[in-house]
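Subject: Structure handover

Hello,

Here is the structure I promised to pass on to you. Please open it next to this message, and then read on for what turned up in it.

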Amino acid sequence: MPRARYKQLVDAYAADIRAGRLAPGTRLPTHRELAAREGLALVTATRVYAELEAMGLVSGETGRGTFVREAGLPAGLGMDQQATAEGTVDLSFNYPVLPGQADLLRGAMRQLALSGDLDALLRYQPHGNRPHERASIARHLRARGLRLPADRVLMVSGAQHGLAVAAMALLRPGDVVAVDALTYSGFKAVAESQRLELAPIAATAQGPDLQALQHLCRTRRVRALYAMPTLQNPLGWVLDDTQRAQLAAIARRHDLLVIEDGAYAFLADDAPPPLAALAPERTVYVSGLSKSVATGLRVGFMAAPGPWMAALQRAIRATTWNTPGVMAAIACAWMDDGTVDRLERDKRRDARARQALAGRVLAGCASIGHPASYFLWLPLGEDVRADQVAMALMQQQVAVSTAEPFAVTQHVPHAIRLALGSVDMDTLRAALEKVRAALAPR
């Protein structure tokens with residue numbers, strides 16, 4: 001087929017989709033049907049659809065076919081935070097802030113201004129920050145089930161920075177990292193930037209399929225495992241003691257480096273010990289204060305085996321040099337005086353109240369989540385398309401995430417994720433009612 005003819009067919013489809021002549025959700029001919037109708041080789045028909053998919057105009061779904069996507073839906077919804085129009089209710093990102101936190105910040109800044117250490121905050125700090133700040137983090141981590149000396153922890157500029165530092169310091173381009181088939185979109189971004197290959201682990205109702213992980217490790221050269229054993233994002237599971245012990249045993253058997261993400265772990269009451277406590281010689285634990293305190297306070301922390309500390313500090317140097325001194329000082333003061341503990345307790349109650357509200361408003365809708373989580377996963381029926389639901393809600397000024405940013409597999413399930421922690425309760429209730437209406441059978 002001449003290249004001009006091939007390009008003409010791609011351009012014709014693209015024009016019809018963009019002009020609305022092919023409506024979102026329209027099923028296109030199968031590859032074989034397209035080849036027969038246009039007199040193409042099957043490989044060329046496949047190439048036409050592949051190019052349209054790369055343009056974000058169609059999506060191919062295993063066992064279902066190729067469908068026209070909603071062209072007005074922002075690419076990567078839920079991965080790259082889009083500027084939302086004024087008045088839009090954001091259920092795509094969590095940035096939970098409780099009433100009175102601004103007053104806490106005012107008080108902390110006044111207290112900092114009266115301290116005698118301001119000059120030090122104007123200078124470079126050690127790459128993992130100062131020893132007394134690392135000691136504050138070590139004390140804070142005891143509540144997470146981690147007991148380790150201050151020289152085994154590092155301060156970073158948020159948990160996302162910690163994930164990037166771990167990947168930069170300990171992994172190499174081309175390394176295979178086992179992840180949940182639906183996993184945190186921020187780690188997908190890290191993997192893409194570091195050219196890591198993500199190998200999906202199928203899920204069960206209780207967590208990752210550990211037999212599938214074992215099979216993956218036997219058949220591939222898996223270098224690392226990325227896991228969120230406590231309040232997994234987006235599905236909300238909390239692995240029990242047996243599952244954690246099995247994960248640690250698999251990691252040892254196959255010599256896996258483990259990156260444990262504890263960003264939401266503070267929300268779970270009486271969670272089992274983290275993987276870093278079960279396999280401390282091979283686990284990097286990463287968390288931060290973005291969810292438990294505020295996203296604007298870009299302070300995170302890492303705990304890692306002693307032999308890895310130098311490499312991790314070099315990666316911090318290469319990215320931010322050190323966490324800014326003013327934010328580090330405020331965060332450590334709040335960890336030391338109990339403010340962080342109090343905010344975490346309050347946010348556990350807040351998250352439970354929001355989940356309960358979602359349960360009432362969305363009663364009868366299929367959902368997956370945890371009663372203390374700030375997010376909720378809504379799998380959709382076979383006849384419902386996630387991009388159409390997301391676009392319909394956006395037209396009503398409600399932003400949600402589809403499954404696409406979280407999916408590691410080629411087949412992306414039709415589902416939406418709701419972030420419940422970013423708006424007041426009355427606004428959340430109204431937005432959830434719009435979600436329920438968008439999911440109602442037509």
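Let me start with two residues: Trp-377 and Phe-406 are both buried (under 20% relative accessible area, with exposed over 50% and partly exposed in between, using a 1.4 Å probe and protein chains only). Before going further, please note that this is a predicted model, where local features need pLDDT of at least 70, side-chain atom pairs count only at pLDDT 80 or more, and totals for chains, interfaces and linings use all residues. Residues are numbered from 1 along each chain as its sequence is written, and side-chain values use heavy atoms, leaving out hydrogens and water.

Now to the aromatic pairs. Rings of Phe, Tyr and Trp (its six-membered ring) pair if their centres lie within 6.5 Å; planes under 30 degrees apart are stacked, over 60 edge-to-face, and the rest tilted. That rule gives five aromatic pairs. In one of them, the ring centres of Tyr-13 and Tyr-49 are 6.3 Å apart and the planes stand at 65°, so this pair is edge-to-face. Tyr-13 sits in helix H1 (residues 3–18) and Tyr-49 in helix H3 (residues 42–54), so that the pair joins distant parts of the chain, 36 residues apart; helices (H or I, at least four residues) are DSSP runs numbered from the N terminus. Both count as buried: Tyr-13 has a relative accessible area of 8%, and Tyr-49 has 3%. Trp-377 and Phe-406 make an edge-to-face pair as well, at 6.0 Å centre to centre and 90° between the planes.

How many disulfides are there? With a disulfide taken as a pair of cysteine sulfur atoms within 2.5 Å, the search of the whole structure finds zero. Among the cysteines, Cys-217 is buried at 10% relative accessibility, and Cys-332 is buried at 4%.

Last come the cavities. A cavity is a set of points on a 1 Å grid over the protein atoms alone where a 1.4 Å probe fits but cannot get out, and lining residues have an atom within 4 Å of a point. Points are joined across faces, edges and corners, and a volume is the space filled by probe spheres set on them. There are two cavities of 30 Å³ or more. The largest holds about 50 Å³, and its lining includes Asp-180, Trp-237 and Leu-247.

Happy exploring!

Notes
Helix = DSSP H or I, 4+ residues; strand = E, 2+ residues; numbered from the N terminus. 1 Å grid on protein atoms, 1.4 Å probe; cavity = no way out; pocket = protein on both sides within 12 Å on 5 of 7 lines; lining within 4 Å.
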